[in-house]
Amino acid sequence: MSIPTTDAVILNQIEYSNTSLIVTLFTEKFGLLSGLAKGARRQKSPFLGSFDRLNHNEITFYRHTRSTLHTISESKIKNSFLGLRESQDRMYAAHYIADIVRGMTREEEPHPELFNLLVNTLRELEQADDVPRVLFQFEIKFLSEVGFRPELESCVICWQKPQGQRIYFCANEGGIACELCAAQMPAQVTLTSKGALASLIALQKRRLSEGRTVRLSPLVISDIKRLIRPYVVAKMEREPKTMKFV
Ligand SMILES: [Zn+2]
């Protein structure tokens, strides 16, 4: 048994007993992790408030070799992202992000780039007045990071650049489809727009803090939503509970 320390974001907590919590964390060094916080629900616990969802903490835990539920021994809050808690839109977005990370990563598979993306997104979201943009940028970067980067420039069936006026997206194939190919499988595609694709490509390429320069019209926002949300569901193999709020 080792006693490592790592930075972690609290993705979820459930009551384990009258006094304890089971906490789901995304950690910098170990990826997704479950920890038991004994006594965390007691009034005088040093853990009190420490495991609120979305806190960024430094945690120390006893790492068990025979169980994937480890025992948290210390937890220090580094950032509780107070700005998130000021707005319902930001809060829903942050919970959706936590659901995606929890649903699409495997336990104890280190992925520090993903940890940085998560923390930087929460920081960006904390002051965002363009919540949909931050969310789309997280989704496209996250999907790429976990190996599901959608193809946004060539048709995934014939691999040509789409020529016609209409461009479609096929969530099952993971990318866009030209008019001719889309006509062969109408039930599997959704109409999208050049504006939505150009904006998504720009968001994918830019850093989070530079994404602010990409302004999205309400029409483009709804086009991107119609493209990316079914794709998230296809890859996660279920709909995240919070998706209907974002
Ligand atoms: Zn095609």
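Two strands pair if DSSP finds at least two bridges between them. Helices (H or I, at least four residues) and strands (E, at least two) are DSSP runs, numbered from the N terminus. The model is predicted: local features need pLDDT of at least 70, side-chain atom pairs count only at pLDDT 80 or more, and totals for chains, interfaces and linings use all residues. Residue numbers start from 1 along each chain, as its sequence is written.

View 1. S4 (residues 56-62) and S5 run antiparallel, joined by seven bridges. Thr60 stands opposite Glu74 of S5. The two strands, S4 and S5, form a hairpin, and six residues lie between them. Strand S3 (residues 31-37) runs parallel to S5, with three bridges joining them. Here Gly35 is opposite His70 of S5. Strands of a sheet pair through backbone hydrogen bonds, in either the parallel or the antiparallel sense.

**View 2. The open sheet S7-S6-S8.** Three strands make up this open sheet, and the pairing is antiparallel. Strand S7 (175-177) and strand S8 (190-192) are the edge strands, each pairing on one side only. From one strand to the next the twist averages 45 degrees. Strand S6 (residues 167-170) and S7 share three bridges in the antiparallel sense. Tyr168 has Ala177 of S7 as its bridge partner. Helix H6 (residues 218-236) lies across S6 and S8, and runs at about 135 degrees to S8. Axes are lines fitted to C-alpha atoms, for helices over the stretch in contact, and angles run from 0 to 180 degrees between N-to-C directions.

**View 3. Helix H5 (residues 194-205) against H6.** The H5 and H6 axes are 9 Å apart, and the helices pack at an angle of about 75 degrees. H5 is therefore roughly perpendicular to H6 (65 to 115 degrees counts as such). Gly195, Ala196, Ser199 and Leu200 of H5 meet Val220, Asp223, Ile224 and Leu227 of H6. Residues are in contact if their C-beta atoms, placed from the backbone, lie within 7 Å.

**View 4. Helix H2 (residues 112-126) and its buried side.** At 1.5 Å a residue, the 15 residues of H2 should span 21 Å, and the end C-alpha atoms are 21 Å apart, which agrees. The expected span is 1.5 Å times one less than the number of residues. The buried residues of H2 are Leu114, Phe115, Leu117, Leu118, Thr121, Leu122 and Leu125. They cover an arc of only 160 degrees around the axis, so they sit on the same side of H2. The arc is taken over the directions from the helix axis to the C-beta atoms. A residue is buried if 20 or more other C-beta atoms lie within 10 Å of its own. The buried residues of H2 pack against strand S1 (5-15), strand S2 (21-27), helix H1 (88-104) and helix H3 (131-145).

**View 5. Helix H1 and Arg90.** H1 has 17 residues and reaches 24 Å from its first C-alpha to its last, close to the 24 Å expected. Its buried residues include Ala93, Tyr96, Ile100 and Met104. Their cover includes S1, S2, H2, H3 and H6. Arg90 lies in H1. Arg90 is buried because 22 other C-beta atoms lie within 10 Å. Beyond its neighbours within four places in sequence, Arg90 is in contact with Leu84, Leu125, Glu126, Ala128 and Val131.

Definitions and conventions. Buried ≥ 20, exposed ≤ 12 C-beta atoms within 10 Å, placed from the backbone. Contact = placed C-beta atoms within 7 Å. Parallel < 35°, antiparallel > 145°, perpendicular 65-115°, else oblique.
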